[in-house]
Amino acid sequence: MTVTDRHGRELRNLRLSVTDRCNLRCSYCMPEEEYGWLPKRDILDFEELSTLVDAFLLAGVDKVRLTGGEPLVRRDVEVLVGLLAQKRGITDLALTTNGILLGEHAAALKRAGLGRVTVSLDTLRPERFLKLTRRDSHADVLAGLEAARAAGFTHTKIDSVILRGTNDDELAALIEHGKQLDAEVRFIEYMDVGGATNWSMDEVLPKREMLERLRAEYGPILPLHEHGSAPAERFLLPDGTVFGIIASTTEPFCARCDRSRVTADGTWFQCLYARIGVDLRAKLRAGATREELAALIQRVWTGRTDRGAEVRLAEHERGALAPRDELVQNVHLEMHKRGG
Ligand code: SAM
Ligand code: SF4
Ligand code: SF4
């Protein structure tokens with residue numbers, strides 16, 4: 001049964017973070033030297049995560065994406081995938097990963113029933129990767145992408161966050177790499193989310209400019225005019241290649257947003273920018289049934305008014321969402337807790 005919020009938006013899409021740990025330190029996500037981690041006792045086990053997913057399915061969700069932190073650093077994540085793959089209500093079971101451990105896990109994830117993978121890759125240059133992520137793992141990511149294909153994954157996406165002055169000269173190179181792998185590339189505008197403590201508008205390459213640059217390279221680009229809830233707008237190059245742009249910073253898509261997020265400790269956020277979440281773990285561990293949790297989720301969603309990125313766009317003096325001090329107090333605000 002679907003449920004709509006105050007702006008008529010359905011709840012369809014769940015991003016489930018399975019860990020807040022990560023084996024990279026991307027400059028736009030985890031630029032700090034130290035972080036506060038979710039206490040181990042609060043991290044939901046697979047059975048608890050599975051029950052929460054059941055509750056969201058009852059509440060109307062039909063698409064589930066596993067994320068993190070880095071989801072593949074969670075031990076035996078394939079077991080969770082196997083549990084979720086059996087659920088009839090999920091029409092799309094996907095995982096977003098930085099790809100480092102995909103070489104190791106791709107075949108097992110496929111066997112467990114994972115539908116699709118999205119791999120984050122911002123550069124094709126190893127030295128740039130090291131600078132962007134503070135880890136020397138570029139070759140592992142490329143191998144991970146190959147392994148996904150070898151394991152039989154199709155409809156793979158490559159997500160690239162584009163930062164002006166850092167990797168904005170690689171738009172065409174990333175598209176060409178995607179072509180070789182039969183993967184659709186999506187360019188993501190640098191967002192001022194929690195955790196992006198170094199964010200500045202100067203480093204955002206707006207969708208408009210991405211398109212200008214790609215037109216100069218490839219010729220006319222046709223928009224595909226799809227009207228779904230997917231965040232990416234898709235475009236067609238003259239040679240038939242399709243790519244996407246996620247323009248969350250300069251052209252937010254809040255009006256169509258059907259997604260929400262659960263952190264690895266079971267805190268539910270109805271918006272990427274929300275400062276307060278709902279503690280589903282406490283309810284779950286106090287013995288709430290799937291049906292009771294679903295009723296709560298529906299009740300809360302019905303009152304949802306969030307449109308975080310649009311509100312940010314309207315702000316005149318725009319800087320990082322939260323200063324470092326606030327993140328120490330409220331670790332749930334960080335992108336690597338919320339799963340992107
Ligand atoms: N670790 C996995 C990965 O990187 O794919 C999954 C979690 S990560 C938080 C999910 C997505 O959020 C990634 O594609 C990442 O590039 C994106 N992301 C993180 N910080 C961002 C920011 N400040 N602006 C735009 N996208 C961001
Ligand atoms: Fe990078 Fe993803 Fe890790 Fe954030 S969670 S630092 S985007 S790999
Ligand atoms: Fe949805 Fe909030 Fe993102 Fe807008 S900012 S698209 S409401 S999650």
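A: This is a predicted model.

Now set ligand 3 beside it. Here 13 residues form the surroundings. The closest are Cys254, Cys257, Cys271, Leu272 and Ala309. The class make-up is seven nonpolar, one polar and five charged residues.

Cys257 leads on to Glu10. Beyond its neighbours within four places in sequence, Glu10 is in contact with Cys257, Asp258 and Trp301, and also with Thr2, Val3 and Thr4. Glu10 sits in the segment before β1, a strand that covers 13–17. Its relative accessibility is 29%, so Glu10 counts as partly exposed. Gly60 lies 50 residues from Glu10 along the chain. Their C-alpha atoms are separated by 7.9 Å.

The largest nonpolar core has 102 residues. Within this core, Phe56, Phe187 and Phe243 have the most contacts. Helix α1, residues 46–58, gives the most to the core, with seven residues. In soluble globular proteins, nonpolar side chains tend to be buried together. Phe56 shows its contacts in detail. Leaving out residues up to four places away in sequence, Phe56 touches Leu11, Leu14, Val61, Ser260, Val262, Trp268, Leu280 and Ile297.

Turn to the open space. The second largest pocket holds about 340 Å³. Its lining includes Val18, Thr19, Asp20 and Arg21. Leu38, Pro39, Lys40, Ile43 and Phe46 line the pocket as well. Val73, Arg74 and Arg75 complete the lining. By class, that is six nonpolar, one polar and five charged residues.

Two loops carry a backbone feature worth a look. Most residues other than glycine have a negative phi. Asp182 has a positive phi of about 60°, although it is not a glycine. Asp182 lies in the loop between α6 (171–181) and β6 (184–189). With 64% relative accessibility, Asp182 is exposed, because the cut-off for that label is over 50%. His225 also has a positive phi, near 45°. His225 is found in the loop between β7 (222–223) and β8. Its relative accessible area is 63%, so His225 is exposed.

Past β8 comes another loop position, Gly240. Gly240 is placed between β8 (233–236) and β9 (242–246). Gly240 has a relative accessible area of 45%, so it counts as partly exposed. From Gly240 to Lys131 is 109 residues in sequence. In space, C-alpha to C-alpha, these two are 33 Å apart.

Finish at helix α10, which spans residues 308–314. Ala314 lies in this helix. Ala314 is exposed, with a relative accessible area of 55%. Ala314 and Ala151 are 163 residues apart in sequence. Their C-alpha atoms lie 45 Å apart in space.

Definitions and conventions:
Residues numbered from 1 in each chain as written. Chains lettered and ligands numbered in written order. Predicted model: local features only at pLDDT ≥ 70, side-chain atom pairs only at ≥ 80, totals over all residues. Heavy atoms only, no water. Near = heavy atom within 4 Å. Nonpolar A, V, L, I, M, F, W, Y, C, P; charged D, E, K, R; others polar. Core = buried A, V, L, I, M, F, W, Y, C linked by side-chain atoms within 4.5 Å. Buried < 20%, exposed > 50% of the residue type's maximum accessible area, 1.4 Å probe, protein only. Helix = DSSP H or I, 4+ residues; strand = E, 2+ residues; numbered from the N terminus. Contact = heavy atoms within 4.5 Å. 1 Å grid on protein atoms, 1.4 Å probe; cavity = no way out; pocket = protein on both sides within 12 Å on 5 of 7 lines; lining within 4 Å. Points joined across faces, edges and corners; volume = space filled by probe spheres on them.
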